[in-house]
Amino acid sequence: MSELRLERHYPISAEMLFAWVSDPDKLLKWWGPEGLHVPEHDLDFTRKGPWYSVMVNDEGQRFKVSGHVTHVDPPKSVGFTWGWHDDADARGAESHVTLTVENTKTGARLILDHRELSDADIAANHEKGWTSSLRKLDTQIQ
């Protein structure tokens with residue numbers, strides 16, 4: 001099993017940053033890698049329960065991912081399971097994501113942990129996707 005960890009620092013309060021990673025309206029502004037949009041979703045990380053999103057690229061390719069929000073601890077962290085769907089909508093291997101928000105002297109830090117990824121190649125692909133998504137978050141907050 002592989003895992004990845006990404007950190008970002010933002011000049012806003014932990015409460016504001018937590019809203020960016022949990023509130024559906026804010027989350028949709030950065031969810032998914034650059035070049036993709038999210039026309040279908042149930043993205044609400046303010047409560048436990050199921051979630052899903054369908055990301056679509058310019059060529060119309062659809063990428064569905066779903067899971068279950070396992071914990072919500074405002075303004076500190078939210079955790080959820082993650083599984084990609086294939087073209088027949090069958091859900092694949094499950095991994096776990098935790099978004100942790102911490103106060104810093106100059107604002108707040110976001111720590112993204114994605115664990116239980118099947119192998120190093122899958123972890124590398126997720127790192128590219130999350131890094132691209134976080135660039136979108138960076139532009140929303142900075």
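Predicted model: local features only at pLDDT ≥ 70, side-chain atom pairs only at ≥ 80, totals over all residues.
Y10 has A108 in β7 as its bridge partner. The strands β1 and β7, the latter covering residues 107–117, pair in the antiparallel sense over eight bridges.

That pair belongs to a wider arrangement. An open sheet is formed by seven strands, and their order is β1-β7-β6-β5-β4-β3-β2, with antiparallel pairing. At the edges are β1 (2–10) and β2 (37–42), each of which pairs on one side only. From one strand to the next, the twist averages 20 degrees.

Helices also pack on this sheet. Helix α1, made of residues 14–22, touches β1, β4 (62–73), β5 (77–84), β6 (95–104) and β7. The direction of α1 makes about 160 degrees with that of β6. Helix α3, residues 120–141, packs on the sheet too and touches β1, β5, β6 and β7. Between the direction of α3 and that of β1 the angle is about 15 degrees.

The last stop is a loop residue. D44 lies in the loop between β2 and β3, where β3 spans 49–56. Is D44 buried or exposed? Its relative accessibility is 18%, and a residue counts as buried under 20%, so D44 is classed as buried. Leaving aside residues up to four places away in sequence, D44 touches S22, P24 and V69. The side chain of D44 is also joined to that of T46 by a polar contact of 2.4 Å.

Key
Residues numbered from 1 in each chain as written. Heavy atoms only, no water. Pairing = 2+ DSSP bridges. Helix = DSSP H or I, 4+ residues; strand = E, 2+ residues; numbered from the N terminus. Axes fitted to C-alpha atoms, helices over the stretch in contact; angles between N-to-C directions. Contact = heavy atoms within 4.5 Å. Buried < 20%, exposed > 50% of the residue type's maximum accessible area, 1.4 Å probe, protein only. Polar contact = N/O pair within 3.5 Å; in protein donor to acceptor, adjacent residues only side chain to side chain.
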